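Please look over the sequence and the model shown here, and then read the report that follows.

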Amino acid sequence: MTRIYTKSGDAGETSLFGGGRVRKSDPRVDAYGEVDELNAAIGVARAQVGSSRLEPLLERIQDELFTIGSVLATPKDSKAYAHVPKIQDAWIADMERSIDGFDAELAPLSAFILPGGTPLASALHLARTVCRRAERKVVSVPEPDLQVIVYLNRLSDLLFTMARVANARAGVKDVPWRPPK
């Protein structure tokens with residue numbers, strides 16, 4: 001029987017894919033941990049989708065985030081790096097097409113908006129903020145993969161747009177930010 005626990009991380013270290021052990025506070029581990037949290041946040045959003053056309057897109061993004069996690073967990077100088085799936089330019093282009101398509105359904109923004117609305121839109125806004133945090137962690141990794149940064153930057157834009165679309169399709173208007181006077 002294989003157990004889920006190995007006890008190998010009990011001293012605060014973890015193994016990277018392809019070998020080597022690092023502290024769990026290592027920037028690389030922090031970055032792929034944030035991507036894992038982002039994936040879970042998108043899973044929460046998917047649970048809110050129902051039969052919406054957004055569900056297949058969110059599932060695809062979750063698959064792509066696993067690839068990003070594996071890229072982040074594998075040192076570029078390891079033999080394993082050559083065997084890790086890579087981020088595809090087409091993924092970013094697909095997100096841009098999706099953003100453009102969703103934008104066509106929406107009124108143009110004229111102010112900052114408050115995150116919220118429907119449960120789905122709220123979950124997508126939360127996923128967007130986790131995505132931005134993951135992006136900040138990735139840029140702190142020594143010699144980060146630039147495609148990871150571009151992917152996460154575009155994904156946060158997509159999640160924002162999807163949140164607006166989720167609200168619009170449910171008949172919920174964006175709530176503009178009103179600075180205190």
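Helix H5 is followed by glycine 171, whose phi is positive, near 80°. This is a predicted model, in which local features need pLDDT of at least 70 and side-chain atom pairs count only at pLDDT 80 or more, while totals for chains, interfaces and linings use all residues. Residues are numbered from 1 along each chain as its sequence is written, and side-chain values use heavy atoms, with hydrogens and water left out.

At the start of H5, a side-chain oxygen of aspartate 145 comes within 2.8 Å of the backbone nitrogen of glutamine 147. The 24 residues of H5 should span 34 Å at 1.5 Å a residue, and this agrees with its end C-alpha atoms, which are 34 Å apart; the expected span is 1.5 Å times one less than the number of residues.

The helices discussed here (DSSP runs of H or I, at least four residues, numbered from the N terminus) are listed below.

| Helix | Residues |
|---|---|
| H1 | 27-49 |
| H3 | 89-103 |
| H4 | 119-139 |
| H5 | 146-169 |

Serine 98 lies in H3 and counts as buried (under 20% relative accessible area, with a 1.4 Å probe and protein chains only) because its relative accessibility is 18%. Leaving aside neighbours within four places in sequence, serine 98 is in contact (heavy atoms within 4.5 Å) with Leu57 and Leu158.

The axes of H1 and H4, which are lines fitted to C-alpha atoms over the stretch in contact, come within 8 Å and cross at roughly 170°. H1 is therefore roughly antiparallel to H4, a term for angles over 145 degrees. Their contact includes Ala31 and Leu38 of H1 and Leu120 and Ala127 of H4.

Terms used
Helices (H or I, at least four residues) and strands (E, at least two) are DSSP runs, numbered from the N terminus. Buried means under 20% relative accessible area, exposed over 50%, partly exposed in between (1.4 Å probe, protein chains only). A polar contact is a pair of N or O atoms within 3.5 Å; within protein, one must be able to donate a hydrogen and the other to accept it, and residues adjacent in sequence count only if both atoms are side-chain atoms. Axes are lines fitted to C-alpha atoms, for helices over the stretch in contact, and angles run from 0 to 180 degrees between N-to-C directions. Angles under 35 degrees count as roughly parallel, over 145 as roughly antiparallel, 65 to 115 as roughly perpendicular and the rest as oblique.
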